[in-house]
Amino acid sequence: MQFQSWIKRALVGAAMLIAAGTLQAQGVVKLGLVAEFSGPFAQYGQQMLGGMKAYMKLNGDTVAGKKIEIIQKDTTGPAPDVAKRLAQELVTRDNVDFLVGFGLTPNALAVAPVATEAKKPMIIMNAATSIITTKSPYIVRVSMTLPQIAQPMAQWAAKNGVKKVYTVVADYGPGLDAESAFTKAFQAAGGEMVGSIHTPLQNPDFAPFVQRVKDAKPEAVFLFLPAGEQAIAFMKAYKERGLAEAGIKLFATGDITDDGVLEAMGDPTLGLITSFHYSASHNSPENTAFKKAYAEANGTGTRPNFMAAAGYDGMAAIYEALKKTGGSTDADKIMAALKGMKLMSPRGSIVIDPETRDLVQTVYIRKVEKTNGGLYNMEFDKFPDQRDPGK
Ligand code: PHB
């Protein structure tokens, strides 16, 4: 008798545990964050996660009755095999509902087939080679594409009397995209290309490249390098070799004057003109709220940059999609909710193009200026409603 009641109690207890487990499983949405958290590109992951945290600071950690949980994985740098393995583990072991993050193009490309096979929405918060979104129907990109940014820079330079340009780009997807979009738009506007250099993605030494540009005496250089340490190294070589003094103008995508490193690059950046979708100096109530939440969630040590803004917007897209699906994480329902979604971002209003799953957004022309708060990219011209011209 006593034994029987013991069994009964054990069974009831077990049933309650299972029910609680099921409830918990139903109540959590897991985001597998695959990004660079160590090595020379470590700030990519930090910035994206910082932006995601800023969003959660403002909007809470629960949406549509589900608690949002982030599981963070470090690719350690441009390491497609590592990125793919991490994504596979997140899907099979951790049972994540979304794959998010992806700073570098090679990592995003390696994970695209995992998203397709596992049917998991993949939210790209940086990787900006045009072709990436075509690699899986489950990809949405909330950052930019290099052609989207480089084309307005070419059009602006041509309109402002620049005639002969030399291009310097990192030798991989986004660099080659930036070069071809700039070249096409600049030539279409009557400009002439006078040379091009491709620099290695790993451990570049810019001094010889910069010297080669100086010797060619172009009127201006158009530059794309992945944000962060490379940009600092390039500006150092540019200053040391005296290109500005030689009268060679520099135009770039805003990756170069990334808000995360602009102060570290210092005065050689003053006056530098770039095209980009986000500046920490963007004047809007949404950006003010974003910067405040970013500082509260992450400390005041670093300024949020464009990857932080994309982290924030990626979270906004996920929250809004979950509201629309009533908390369902079914990949097809989530994708339907994301396509055509309009959001008020810290950068201005953005729309997820339902066809390309890339953003339609304003691209700004900015100039580095010294303000009370230090060096900033100050927006002074803009190209509204830019799509990715690379597709
Ligand atoms: C990329 O790898 O796609 C990438 C990395 C850094 C950038 C832009 C694009 O600043």
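**Entry 1: aspartate 385**

I take a strand to be a DSSP run of E, at least two residues long, numbered from the N terminus. With that in hand I placed aspartate 385 in strand S15, residues 374-386. I note here that the model is predicted.

I then looked up the backbone of aspartate 385 and found phi near 50°, a positive value in a residue other than glycine. Most residues other than glycine have a negative phi. Is aspartate 385 buried or exposed? I read a relative accessibility of 61% for aspartate 385. Exposed means over 50%, so aspartate 385 counts as exposed.

**Entry 2: phenylalanine 102**

I went on to phenylalanine 102, where phi is near 75°. This is again a positive value in a residue other than glycine. Phenylalanine 102 sits in the loop that runs between strand S4 (98-101) and H4. I looked up its relative accessible area and got 0%. The limit for buried is under 20%, so phenylalanine 102 is buried.

**Entry 3: lysine 120**

I found lysine 120 in the loop between helix H4 (105-118) and strand S5 (122-124). Is this lysine 120 buried or exposed? Its relative accessibility is 16%, and therefore I count lysine 120 as buried.

I listed what lysine 120 touches, leaving aside neighbours within four places in sequence: Val91, Val96, Asp97, Leu99, Ala115, Tyr138 and Ala331. I also took a C-alpha to C-alpha distance from lysine 120 to proline 208 and got 44 Å, for a separation of 88 residues in sequence.

**Entry 4: asparagine 305**

I located asparagine 305 in the loop between helix H10 (285-298) and H11. Not counting residues up to four places away in sequence, asparagine 305 touches Gln43, Gln47, Asp258, Asp259, Gly260 and Tyr278. I checked alanine 227 as well: 78 residues along the chain separate it from asparagine 305, and their C-alpha atoms are 9.8 Å apart.

**Entry 5: H2 against H11**

Next I looked at helix H2 (residues 42-59) and H11, whose axes come within 7 Å and cross at roughly 45°. Angles of 65 to 115 degrees count as roughly perpendicular and those under 35 as roughly parallel; H2 and H11 are therefore oblique to each other. The crossing of H2 past H11 is right-handed.

On the H2 side I wrote down Tyr44, Gln47, Met48, Gly51, Met52, Ala54, Tyr55, Met56, Leu58 and Asn59. On the H11 side I wrote down Met307, Ala308, Gly311, Tyr312, Met315, Ala316, Tyr319 and Glu320. By class, I have 13 nonpolar, four polar and one charged residues in the contact of H2 with H11.

**Entry 6: H11 against H12**

I followed H11 (residues 306-324) to helix H12 (residues 331-338), and found an angle of about 115° with the axes 9 Å apart. That makes H11 roughly perpendicular to H12. H11 passes H12 in a right-handed crossing. From H11 the contact has Ala317, Ala321, Leu322 and Lys324, and from H12 it has Ile334, Ala337 and Leu338. I sorted the contact of H11 with H12 into six nonpolar, no polar and one charged residues.

**Entry 7: H5 against H6**

I turned to helix H5 (residues 146-159) and helix H6 (residues 173-188), which pack at about 35° with their axes 8 Å apart. Here too I have a right-handed crossing of H5 and H6. H5 brings Leu146, Pro147, Ala150, Gln151, Met153, Ala154, Gln155, Ala157 and Ala158 to the contact. H6 meets them with Pro174, Asp177, Ala178, Ala181, Phe182, Ala185 and Phe186. I counted the classes in the contact of H5 with H6 as 13 nonpolar, two polar and one charged.

**Entry 8: nonpolar cores**

Which members of the largest nonpolar core touch the most other members? Of its 110 residues, they are Leu31, Ile68, Val100, Phe182, Phe186, Phe234 and Leu338. H11 supplies the largest share of this core, 13 residues. Apart from it I found another core of 19 residues, including Ile71, Leu90, Ala108 and Met122.

I looked up phenylalanine 234 in more detail. Neighbours within four places in sequence aside, phenylalanine 234 is in contact with Val168, Phe206, Val210, Leu223, Leu225 and Leu250.

Terms used. Residues numbered from 1 in each chain as written. Predicted model: local features only at pLDDT ≥ 70, side-chain atom pairs only at ≥ 80, totals over all residues. Heavy atoms only, no water. Axes fitted to C-alpha atoms, helices over the stretch in contact; angles between N-to-C directions. Helix = DSSP H or I, 4+ residues; strand = E, 2+ residues; numbered from the N terminus. Parallel < 35°, antiparallel > 145°, perpendicular 65-115°, else oblique. Left-handed = near helix turned anticlockwise from the far one by under 90°. Contact = heavy atoms within 4.5 Å. Nonpolar A, V, L, I, M, F, W, Y, C, P; charged D, E, K, R; others polar. Core = buried A, V, L, I, M, F, W, Y, C linked by side-chain atoms within 4.5 Å. Buried < 20%, exposed > 50% of the residue type's maximum accessible area, 1.4 Å probe, protein only.
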